[in-house]
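Here are a few notes to read with the model open beside you.

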Amino acid sequence: MSNPKVSVIIPNYNGAEYIRPCLQSLIRNRSEDMQIWVVDNGSADGSDQTAASFLGVNVLSLSENTGFTGAVTAAEAYVQCWGSNVLAFVAVMFAGGAAAL
């Protein structure tokens with residue numbers, strides 16, 4: 001039996017402080033059957049460019065903040081084309097509240 005294909009979807013909105021350590025951790029632990037998607041919800045803090053600087057990380061930039069659900073839905077077509085059979089969603093919590101990366 002082959003390993004499942006895993007897609008990690010990270011909705012992001014102005015998460016510049018958190019996106020780099022999040023992606024570093026995922027990349028350190030990535031298997032060859034894993035893809036990483038950052039869906040940027042119209043950030044104004046450069047976090048989309050930070051995510052794009054990581055080799056092997058796919059970035060989908062949206063023009064406005066669609067929230068967690070909107071970001072996941074936007075990534076769905078890309079993930080289905082890859083044939084993933086396992087989806088993982090990453091959200092980061094911080095002192096000011098929930099920041100969905």
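The points below go through the strands, the cores and a loop residue.

1. A word on the basis. This is a predicted model, with local features needing pLDDT of at least 70, side-chain atom pairs counted only at pLDDT 80 or more, and totals for chains, interfaces and linings using all residues. Residues are numbered from 1 along each chain as its sequence is written, and side-chain values use heavy atoms, with hydrogens and water left out.

2. Please start with β1 (6-12); helices (H or I, at least four residues) and strands (E, at least two) are DSSP runs, numbered from the N terminus. In β1, 7 of the 7 residues are buried, so the strand is largely enclosed by the rest of the structure. Buried means under 20% relative accessible area, exposed over 50%, and partly exposed in between (1.4 Å probe, protein chains only). Val-6, Val-8, Ile-10 and Asn-12 lie on one side of β1, with Ser-7, Ile-9 and Pro-11 on the other. In a regular strand, side chains alternate between the two faces of the sheet.

3. Do look at Ser-7 in β1. Ser-7 has a relative accessible area of 0%, and its side chain makes a polar contact of 2.7 Å with that of Gln-35. A polar contact is a pair of N or O atoms within 3.5 Å; within protein, one must be able to donate a hydrogen and the other to accept it, and residues adjacent in sequence count only if both atoms are side-chain atoms.

4. Next, the pairing. β1 and β2 run parallel and are joined by 7 bridges, with Val-6 opposite Met-34; strands pair if DSSP finds at least two bridges between them. β2 also pairs in the parallel sense with β3 (residues 57-62), over 6 bridges, and here Val-39 faces Leu-60. The chain passes from β2 through α2 (residues 47-52) to β3 in a right-handed β-α-β crossover: with the strands pointing away from the viewer, the path from the first strand over the helix to the second runs clockwise. β1, α1 and β2 also form a right-handed β-α-β unit.

5. The largest nonpolar core has 14 residues, and those touching the most other members are Val-8, Ile-10, Leu-23, Leu-26, Ile-36 and Val-38. Such a core is a set of buried Ala, Val, Leu, Ile, Met, Phe, Trp, Tyr and Cys residues joined through side-chain atoms within 4.5 Å. α1 gives the most to this core, 4 residues. A second, separate core of 9 residues includes Val-39, Leu-62, Ala-71 and Val-79.

6. Finally, Glu-32 sits in the loop between α1 and β2 and is exposed, at 77% relative accessibility.
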